[in-house]
Amino acid sequence: MNHESMQHFSSGPWTLVLAYAISVIGSLIGLSCTSRARRERARGAKVLWTVLGAFAIGGIAIWLMHFIAMLGFDVPGTTIKYSAPLTALSALVAVVVVGIGLSLVTLVRFSTARLVVAGVLAGLGVAGMHYLGMSAIRFKGGIFYDEALVALSVVIAIVAATAAFWFTLVVKTTTASVAAGLIMGVAATGMHYTGMAGVRVSSDLKLPAPQGTGVFDLVFPVFVISGLVVGALLWMLFTSSTNDALAEPAETAR
């Protein structure tokens with residue numbers, strides 16, 4: 001069976017729209033946390049906002065986006081399951097790698113070289129999460145890849161992630177912040193669908209039934225939890241910004 005027998009939008013185009021929207025939301029929050037971490041003076045506060053940014057970008061903008069998009073992936077005539085341990089590991093990889101990248105621009109002195117390295121690490125986090133997540137797929141067959149499209153997907157992730165960091169850290173305007181979130185969303189979803197275009201599958205119906213968890217059973221509880229996380233992060237960003245605004249007049253009066 002070749003790639004033309006697969007379906008990437010078996011649930012309709014809404015999976016693409018929702019995946020991109022989730023990625024942009026997670027990116028906007030994560031990049032806002034990154035910007036906040038850079039403004040903080042206390043080391044502990046910098047670490048906290050960096051970790052929150054890693055969870056928002058790695059866990060929501062990248063991991064959740066991937067599995068929402070995978071709701072549309074189907075190989076006709078087969079049942080698709082996912083390895084829960086590998087799926088969880090892919091989320092951990094995304095958060096940790098993105099966190100390391102963010103720490104290079106939040107916890108140490110800023111430089112263009114560190115910005116580029118941070119973008120490369122974030123892009124590799126996107127790509128690493130994607131292909132590790134793909135390795136969690138279980139069905140009566142195997143998955144292979146077009147190496148050229150795999151390489152292109154990694155390049156897209158790195159370039160777009162670096163551009164998003166640049167907009168966030170160098171161009172400090174509201175428009176730039178929104179643009180950064182939109183670009184980071186492109187990094188995740190663009191990489192995902194480019195990588196998926198390179199997927200090739202071969203099926204063997206003689207193989208035993210796959211063991212694992214259905215993609216919806218994975219996504220739904222995480223979607224709910226992510227909604228709570230997004231709400232909490234937005235509240236933290238809003239209240240901390242409000243407190244800063246209230247503190248500024250008092251400091252000026254002194």
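1. Transmembrane annotation: UniProt, in an unreviewed entry, puts "transmembrane region" at residues 12-35, 47-68, 88-108, 115-137, 149-171, 178-198 and 218-238. Such annotations may be inferred rather than shown by experiment. Bear in mind that this is a predicted model, where local features need pLDDT of at least 70, side-chain atom pairs count only at pLDDT 80 or more, and totals for chains, interfaces and linings use all residues. Residues are numbered from 1 along each chain as its sequence is written, and side-chain values use heavy atoms, with hydrogens and water left out.

2. Two of those spans: residues 218-238 come out as 100% helix and 0% strand, with the end C-alpha atoms 30 Å apart. For residues 88-108 the figures are 90% helix and 0% strand, with the end C-alpha atoms 30 Å apart. Helices here are DSSP runs (H or I, at least four residues), and strands are E runs of at least two.

3. His130: this residue sits in helix α4 (residues 112-134). His130 counts as buried because its relative accessibility is 2%, the cut-off being under 20% relative accessible area with a 1.4 Å probe, protein chains only.

4. Neighbours of His130: its side chain makes a polar contact with the side chain of His192 at 3.3 Å (a pair of N or O atoms within 3.5 Å, where one must be able to donate a hydrogen and the other to accept it; residues adjacent in sequence count only if both atoms are side-chain atoms). Leaving aside residues up to four places away in sequence, His130 touches His66, Met191, His192, Gly195 and Met196, with contact meaning heavy atoms within 4.5 Å.

Technical notes
Buried means under 20% relative accessible area, exposed over 50%, partly exposed in between (1.4 Å probe, protein chains only).
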